[in-house]
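Please read it alongside the sequence and the structure shown here.

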Amino acid sequence: MIKDILLVIDDSVRADPIIHAAAALAERLAATLTIEILSAGPILIPTLAPMTEMYIPAAELARDQAVRIEAVTAMVASSTTTVRVVGLHDDLFMLADRTGKAGPIADLILIGDADLWAVAWLRTRIAETVVMGSGTPLIILSGATSLAPVHHAMIGWKDTSEARRALHDLIAVITPHATVDVVGVGRNEAALPAILESVTEVVRHLRAHGFDATPHAIPANGQSDAEALQGFALRQGADLLAIGAFGHSRLREVVFGGVTRALIEHPRLPVLLSR
């Protein structure tokens with residue numbers, strides 16, 4: 001049951017749309033919403049962050065952040081649920097390292113896509129830190145900046161502890177009797193029968209909870225797993241895609257690429273990441 005939601009944003013006005021979306025979600029779930037605003041020094045060249053961050057005295061950062069906190073508080077003043085607005089100011093490295101591992105505790109953490117952040121590097125690093133260190137499921141909202149009731153979900157499956165955690169977290173956020181596609185991706189057609197067999201236990205578990213679950217095994221057809229999963233989810237009309245995050249090490253994902261990093265950087269629909 002989701003009763004305590006944390007939205008993480010930076011201090012730019014780009015975040016305004018997701019603030020309204022998060023407040024609407026909290027109202028629908030009768031949940032408390034905490035909005036954590038992150039503030040760092042000015043970035044001379046955002047594409048080269050964090051190397052081009054300028055030093056600003058902490059007292060000045062705090063004053064600027066207080067103004068933004070006041071503005072966001074006014075934005076959500078009419079909400080019918082409890083909303084608190086808090087701030088964290090530091091340099092980019094410290095913000096990326098601390099967020100999600102210290103401070104507010106929640107049942108669910110929300111982050112918007114890159115267009116809603118002034119510094120894309122900070123958003124990516126925070127999403128990775130939240131997934132790796134918070135012990136809390138993360139939903140990344142795509143450009144739609146909203147999360148309607150999830151009547152149709154999809155879970156990308158490879159039988160790992162991360163995927164099993166994603167399965168349990170998914171059950172907590174979807175509507176009763178929702179449709180759930182359980183999908184494994186194969187490199188070629190020959191791999192599909194074994195993949196289809198591997199998802200049968202997931203389907204059984206979901207059906208035991210009253211969900212309309214269907215197994216699928218799909219070929220990558222030259223695409224990455226992230227591309228194949230998102231493409232299939234969109235074709236199926238899914239409201240949400242869930243996966244177990246960082247099945248490989250974070251370093252390997254950064255160097256060689258991987259499903260988690262691709263979904264963090266280029267979500268085409270809301271994505272639930274669990275670990």
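In this predicted model, helix α5 has 13 residues, which at 1.5 Å a residue should span 18 Å, and the distance of 19 Å between its end C-alpha atoms agrees with that expectation.

**Helix α5 and its surroundings**

- Seven positions of α5 are listed by name as buried, namely E162, A163, A166, L167, D169, L170 and I171.
- The buried residues of α5 pack against the strands β6 (150–156), β7 (174–186), β9 (240–244) and β10 (271–274), and also against α7.
- The C-alpha atoms of H168 and D64, which lie 104 residues apart along the chain, are separated by 40 Å.

**Packing of α5 with α7**

- Two packed helices are described by the angle between their axes and the distance between the axes.
- For α5 (residues 161–173) and α7 (residues 200–208), the axes come within 12 Å and cross at roughly 25 degrees.
- Since angles under 35 degrees count as roughly parallel, α5 is therefore roughly parallel to α7.
- The crossing of α5 and α7 is right-handed, and the contact is made by L167, H168 and I171 on the α5 side and by V202, H205 and L206 on the α7 side.
- Sorted by class, the residues in the contact of α5 with α7 are four nonpolar and two polar, with no charged residues.

**Packing of α1 with α2**

- The axes of α1 and α2, the latter covering residues 58–75, come within 11 Å and cross at roughly 45 degrees.
- The arrangement of α1 relative to α2 is therefore oblique.
- The crossing of α1 and α2 is right-handed, with D16, I19 and H20 of α1 making the contact with R68, V72 and M75 of α2.
- In the contact of α1 with α2, three residues are nonpolar, one is polar and two are charged.
- D16 is found in helix α1, which covers residues 16–29, and its relative accessibility of 22% means that D16 counts as partly exposed.
- With residues up to four places away in sequence not counted, D16 touches R68 and M75.
- The C-alpha atoms of D16 and V72 are separated by 8.2 Å, although these residues lie 56 residues apart along the chain.

**Helix α4**

- Helix α4 (residues 120–133) has 14 residues and reaches 20 Å from its first C-alpha to its last, close to the 20 Å expected at 1.5 Å a residue.
- The buried residues of α4 are L122, R123, T124, I126, A127, E128, T129, V130 and V131.
- After α4 comes G135, whose phi is positive, near 70 degrees.

**Positive phi at residues other than glycine**

- Most residues other than glycine have a negative phi, and most peptide bonds are trans.
- A30 has a phi near 55 degrees, a positive value in a residue other than glycine, and A30 is found in the loop between α1 and β2 (32–39).
- The relative accessible area of A30 is 54%, and A30 is therefore exposed.
- H177 likewise has a positive phi in a residue other than glycine, near 65 degrees, but its place is in strand β7.
- The relative accessible area of H177 is 64%, and H177 is therefore exposed.

**I243 in strand β9**

- I243 is found in strand β9 and, at 4% relative accessibility, counts as buried because the value is under 20%.
- Leaving aside neighbours within four places in sequence, I243 is in contact with G156, A166, L229, V259, T260, L263, L272, L273 and S274.
- A166, another residue in contact with I243, is among the buried residues of α5.

Technical notes
Residues are numbered from 1 along each chain as its sequence is written. This is a predicted model: local features need pLDDT of at least 70, side-chain atom pairs count only at pLDDT 80 or more; totals for chains, interfaces and linings use all residues. Side-chain values use heavy atoms; hydrogens and water are left out. Axes are lines fitted to C-alpha atoms, for helices over the stretch in contact, and angles run from 0 to 180 degrees between N-to-C directions. Helices (H or I, at least four residues) and strands (E, at least two) are DSSP runs, numbered from the N terminus. Angles under 35 degrees count as roughly parallel, over 145 as roughly antiparallel, 65 to 115 as roughly perpendicular and the rest as oblique. A crossing is left-handed if the near helix is turned anticlockwise from the far one by less than a right angle, and right-handed if clockwise. Contact means heavy atoms within 4.5 Å. Ala, Val, Leu, Ile, Met, Phe, Trp, Tyr, Cys and Pro count as nonpolar, Asp, Glu, Lys and Arg as charged, and the others, Gly among them, as polar. The expected span of a helix is 1.5 Å times one less than its number of residues. Buried means under 20% relative accessible area, exposed over 50%, partly exposed in between (1.4 Å probe, protein chains only).
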